[in-house]
Amino acid sequence: VQLQASGGGLVQAGGSLRLSCTGSGRSFSTDVMGWFRQAPGKEREFVASASWSDVTYYGDSVKGRFAAFRDQDKNTVYLQMNSLKPEDTAIYYCAADDRGPKLRRGRPAYWGQGTQVTVSS
């Protein structure tokens, strides 16, 4: 079972990026999938999640700027990041669990590898 994240890169402040994370090895169609991030010297923090029924949650620092959504077969979660700020610079990790509260507490059953997002000022 694997979560494969992609889409990170370098972008100027105010720009946009879209991350994607695709699950394989089992169906994630009834799971909650989401994103966390970890900046150097900081703890990992919850960013966003989207359930199979498209219920979404966001961390306070990204509300109104980021959007999480699933594809039609529900095995992929995207993170559309707009109005990026230098403080959004971090390694972004995707995650999945069949229970949303467990995922949002940072204890998902599955973690993907990270993808680096760097926002220059």
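Lys 74 sits in the loop that links strand E7 (66-70) to E8. Strands, labelled E, are DSSP runs of at least two residues, and helices are H or I runs of at least four; both are numbered from the N terminus. Lys 74 is not a glycine, yet its phi is positive, near 70 degrees. Its relative accessible area is 17%, so Lys 74 is buried. Buried means under 20% relative accessible area, exposed means over 50%, and partly exposed lies in between (1.4 Å probe, protein chains only).

Asp 54 also has a positive phi, about 70 degrees, without being a glycine. The loop between strand E5 (45-50) and strand E6 (56-58) holds Asp 54. With a relative accessible area of 45%, Asp 54 is partly exposed. As a rule, most residues other than glycine have a negative phi.

## Basis of the model

This is a predicted model: local features need pLDDT of at least 70, side-chain atom pairs count only at pLDDT 80 or more, and totals for chains, interfaces and linings use all residues. Residues are numbered from 1 along each chain as its sequence is written, and side-chain values use heavy atoms, with hydrogens and water left out.

## Overall fold

The protein chain has 1 helix and 10 strands. From the N terminus, the order is β-β-β-β-β-β-β-β-β-α-β. The chain has 121 residues and a radius of gyration of 13 Å; a compact globule with that number of residues would have one near 14 Å, so the two agree. The radius is taken over C-alpha atoms, and the globule rule is 2.2 Å times the number of residues to the power 0.38. Along the principal axes, the C-alpha atoms fill a box of roughly 40 × 30 × 25 Å.

Of the 121 residues, 45% count as buried. Among contacts with a separation of 6 or more, 56% join residues 24 or more positions apart. A contact means heavy atoms within 4.5 Å.

## Surface and charge

The accessible surface of the protein chain is about 6100 Å², and carbon and sulfur atoms supply 47% of that. Areas come from the Shrake-Rupley method with a 1.4 Å probe; for residues, only the protein chains shown count as cover.

The chain carries 15 positive and 11 negative charges, and their mean positions are 3 Å apart. Lys and Arg count as positive, Asp and Glu as negative; His and the chain ends are not counted. Each charge is placed at NZ of Lys, CZ of Arg, CG of Asp or CD of Glu.

Strand E1 (residues 2-6) pairs with strand E3 (residues 17-24) in the antiparallel sense, over 5 bridges. Pairing requires at least two DSSP bridges between the strands. Ala 5 has Cys 21 of E3 as its bridge partner, and Ser 6 stands opposite Ser 20 in E3. E3 also runs antiparallel to strand E8 (residues 76-81), joined by 6 bridges. There, Leu 17 has Met 81 of E8 as its bridge partner.

In a regular strand, side chains alternate between the two faces of the sheet.

## Ala 90

Ala 90 belongs to strand E9 (residues 90-97). Its relative accessibility is 1%, so Ala 90 counts as buried. Leaving out residues up to four places away in sequence, Ala 90 touches Arg 37, Gln 38, Ala 39, Thr 115, Gln 116 and Val 117. Ser 24 is 66 residues from Ala 90 in sequence and 25 Å away in space, C-alpha to C-alpha.
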